[in-house]
Amino acid sequence: MSSEKGKLVCVTGGSGYIASWIVKFLLQRGYTVRATVRDLGNPKKVEHLVKLDGAKERLHLFKADLVEEGSFDSAIQGCHGVFHTASPSLFVVNNPQAELIDPAVKGTLNVVKSCAKSPSVKRVVLTSSMAAVLYNGRPRTPEVVVDETWFSNPNFLREQEMWYQFSKTSAEDAARTFLSKNNIGLIVINPGLSIGPLLQPELNSSASSILKLINGSQTFPNATFGWINVKDVANAHIQAYEVASATGRYCLAERVAHFSEIAKILRDIYPTLQIPEKCADDKPLIPTFQVSKEKAKSLGIHEFIPLEVSLKETVESLQEKFINT
């Protein structure tokens, strides 16, 4: 699909953390981009996008809302590819159905239905998550290699009340089922916790986990994640669109690390910052595991930005935008 460069594509949820980088890189590569946002009148959602190189000539903003049926029709009509990134990223919710599941699942269905109405759409690249990969009751230990054949189990997630993971798993399933019936190619990107520089002026959930560590938290969470730079995630989306042989899912993680290791790296880079040395609970540390990089290599991605560099970029970006240091 390398001939697709310069063509018309749509990015849903264009003001988001990953989406903003996708828009930036698409413009750099010469695409004409339609980006959807919920509120065109909110400068925090649009200003950083309209300032991007090439935006004046080739970026068009459209208003669309995940829970509003048909609201993506006009943005997607005539596009060759659609990058569906819009989805709530919340971990603490009072009403999981309304706050997470409906916007993720119904929103994804609204987007893919709009794709089916436009005969020009040939490929959809969906931003999913390792959250839709890891949670199936199988043990994860340092010897275990997780790959694209792993799928989170919705029943397990419902029992555990892991609503964010449930929303991502269900949205991925919904997109796959619908698009396979409508003969539109679907590529799914399953990144770990994405960190790195922020283009948008608002704090997103993954960056806020780093902000807490450098901004006075007494403890670090007892949690282990795959970590990946947001620029690698954005680039993988575009490669997945352009590489004709791309198919199925792609897990993305430069490294799997417990928050204790993240805190240690930050202490090494920033010895003057007060980085917590204590875990938030007394339980055994959640073990690490491995994430296969083999399939990502087929997209032409052979090197990921090292975790240390990603953390440094994140901290510099946070200090610039959120901490007056």
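How many bridges join strand β7 to β11? Five bridges link β7 (residues 185–191) with β11, and the two strands run parallel. Within this pairing, N190 has C251 of β11 as its bridge partner. The structure is a predicted model, in which local features need pLDDT of at least 70, side-chain atom pairs count only at pLDDT 80 or more, and totals for chains, interfaces and linings use all residues. Residues are numbered from 1 along each chain as its sequence is written, and side-chain values use heavy atoms, with hydrogens and water left out.

The β7-β11 pair belongs to an open sheet of seven strands, ordered β3-β2-β1-β4-β5-β7-β11, with parallel pairing. Two strands are taken to pair if DSSP finds at least two bridges between them; strands (E, at least two residues) and helices (H or I, at least four) are DSSP runs numbered from the N terminus. The edges are formed by β3 (59–63) and β11 (248–252), each of which pairs on one side only. From one strand to the next, the twist averages 20 degrees.

Two helices that lie across the sheet are α1 (residues 17–28) and α9 (residues 230–242). Helix α1 lies across β1 (8–12), β2 (32–37), β3, β4 (81–84) and β5 (123–127), at about 165 degrees to β1. Helix α9 lies across β1, β4, β5, β7 and β11, at about 160 degrees to β5. Axes are lines fitted to C-alpha atoms, for helices over the stretch in contact (heavy atoms within 4.5 Å), and angles run from 0 to 180 degrees between N-to-C directions.

The largest nonpolar core has 64 residues, and those with the most contacts inside it are V23, L26, V33, W227, I262 and L266. Helix α1 supplies the largest share of this core, nine residues. A nonpolar core is a set of buried Ala, Val, Leu, Ile, Met, Phe, Trp, Tyr and Cys residues joined through side-chain atoms within 4.5 Å; buried means under 20% relative accessible area, exposed over 50%, and partly exposed in between (1.4 Å probe, protein chains only). Not counting residues up to four places away in sequence, L26 touches V9, V11, Y31, V33, R58, F83 and I238. A second, separate core of 23 residues includes I101, A131, V144 and F166.

E161 is placed in the loop between α6 (154–160) and α7 (163–181) and is exposed, with a relative accessible area of 55%. N183 is found in the loop between α7 and β7 and is exposed, with a relative accessible area of 77%.
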